[in-house]
There are 2 protein chains.
Amino acid sequence: MGEFDLIARHFKRPAVALNPAVDLGIGDDCALLRPSPGIQLAVSTDMLVAGRHFFEDVDPHALGHKALAVNLSDLAASGARPLAFTLAMSLPEANDAWLTAFSKGLFELADAHGCSLMGGDTTRGPLNICITVFGEVPTGLALLRSGAQAGDDIYVSGTLGDARLALEVMLSVRGHGHGHGQAGQMQAPHVPPAVLAQARARLERPTPRVGLGLALRGIANAALDVSDGLAGDLPHILQASGVGASVNVDAALDLIAAKRHHAWPAAGFDVVFSAQDRQRWVLSGGDDYELLFTASPSQQAAVQAAAQSAGVPVTRIGRIEAQAGLRWVDQQGQPCDIEARSFDHFSAPGP
Amino acid sequence: MGEFDLIARHFKRPAVALNPAVDLGIGDDCALLRPSPGIQLAVSTDMLVAGRHFFEDVDPHALGHKALAVNLSDLAASGARPLAFTLAMSLPEANDAWLTAFSKGLFELADAHGCSLMGGDTTRGPLNICITVFGEVPTGLALLRSGAQAGDDIYVSGTLGDARLALEVMLSVRGHGHGHGQAGQMQAPHVPPAVLAQARARLERPTPRVGLGLALRGIANAALDVSDGLAGDLPHILQASGVGASVNVDAALDLIAAKRHHAWPAAGFDVVFSAQDRQRWVLSGGDDYELLFTASPSQQAAVQAAAQSAGVPVTRIGRIEAQAGLRWVDQQGQPCDIEARSFDHFSAPGP
């Protein structure tokens, strides 16, 4: 038995802990999953690469959490209930302490969602984590990107931009400027530790909105999870649905939690950060893992009830329109001179 | 749209080409698969890392083939019919010609098995390919490692050892000795080009035995695919089934195709290679992707009929016994002094 077979043992658990849909877990050529009658299986895969999606020296417990969280977020966006997942990873070395923490972070989140590790592969190589996740949704009830209707309200769950704020502050502390004008001036900004800790938690331990996704079945017309920023992801719904939208940019910009944190001195956030920083983080930040969805105005009460049952606030930020394109407006509904496309070059810079 | 979104377009195909079980393919947060009633879903995942599982400069068409083939081989070993797969990959650069060839190799094999790409993820990073594959098998009919019975015949399909022969010859040409005694002497051995070409095809374009796996449902008692060598993989069946085995080592050693190739001059193979080379390749070679399975002697005719219908020969190499452990015997049934465990350190050296 090789070193990496031993590593795989970190991920073996008693069969009694498996989701009942898993008939056979790790240890054979294939795992066996028994789908319930009348369901569709929702499947998503994400690959996380060291130095690209996370710092190589990230807390392995957080990394185990995040690797699964980003996949569960895809199930949430489809309104699917998590069942199981496979984990393939390449590791530069067999580090027992690292694996112990990683698997702990992974299984804590998995267990919270009844989502069983049912297969995997470990090998030596540059640090890379690939998870494929399986969920179930009653046939025809999956939330798709293509269902938005003109007149729908546009909602986003939770908060936006804090993960990217944390990433940029951490990069500046490490001496890696962002490379764009504003960020270049942002060498180790003075952010209260409690604010940074909250923002880092959003970056490193995102909460997949699984409960909200399930509660929105039959209520939302379209949904996705915001992983590349609002300005980059909303167009996916618009294009898939053949519609356009107006978005209240001020309502969106208010969604960054860091600005409201009580640990700031008076107006502290706006002294340390520029308006452009905030725009970039909220509109093009990435790593938010919030649900962006649309629903008919007639579903307004149902949306709020779903949000309440899931324990996460949702905010209406705009409206779907028949006219193609994404239009940013202010509180008064007047057009803003924000060029959504100009955010493209901020997307996905990685650590 | 970033560079790697453009790369992903190499993998987008018309929905009409999808397996009918795939209700929704690439382009949403999740793909949707509709399982047939009464089936179990067989799932396997494999990660291939450059420099470990393949040479960085390997023909990308062959790599596309192999990345899927090793996964289909797991479905074959479970007796599952391929349905669909997800592909996640990290690439050091966006090389259009490379992607074109890779996707061609991938889709040629996928189409031959009606197995649809239904989801994926592409990112920048060290070359890494992770495929998760889905197949279906009627509930309860999956071939498992745990079903072997004392008295069962042990069979292996096709040929063994040629892939590892090719790997070692290619390593010696590149100036990387194997590091073990015999191999150290094997600097660029004189192998007829036709022999090496055939062996390389086994290494670089393995044929997953999907048809054989399907034909063995209800006939074989246990099965797996040989990916780490006969001596390393047979014990997985023995341990899972709580049995032992006697294996005719001469029958096994005859399974290397290179020795029989007509391009050799008289006794050429045995002039160039040692008996130890052959033993290492056949018993501990790896990358064979043949099916190793057991069946009751009463199923002998049914096994041969299954092999004929699948178009691949199968060879009986031994017998399952109640006594634990793996015993190597010669043609006369006398014990051989081959220490199966001594092969452990040959396993999985990678390119």
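Predicted model: local features only at pLDDT ≥ 70, side-chain atom pairs only at ≥ 80, totals over all residues.
Close-up 1. The strands here are β2 of chain A (residues 31–33) and β3(B), which run antiparallel and share three bridges; strands count as paired if DSSP finds at least two bridges between them. Helices (H or I, at least four residues) and strands (E, at least two) are DSSP runs, numbered from the N terminus.

Numbering starts from 1 along each chain as its sequence is written, with chains lettered from A and ligands numbered from 1 in the order in which they are written. Local features need pLDDT of at least 70, side-chain atom pairs count only at pLDDT 80 or more, totals for chains, interfaces and linings use all residues, and side-chain values use heavy atoms, leaving out hydrogens and water.

**Close-up 2. Asp29(B) meets Arg145(A) in a salt bridge.** The closest N and O atoms of Asp29(B) and Arg145(A) are 3.1 Å apart. Chains B and A have four salt bridges between them (a side-chain nitrogen of Lys or Arg within 4 Å of a carboxyl oxygen of Asp or Glu).

**Close-up 3. The whole face between chain B and chain A.** Here 55 residues of chain B touch 56 of chain A, contact meaning heavy atoms within 4.5 Å. Together the chains bury about 3,900 Å², with 58% of it on carbon and sulfur atoms; that is accessible area (1.4 Å probe) lost on putting the two parts together, summed over both.
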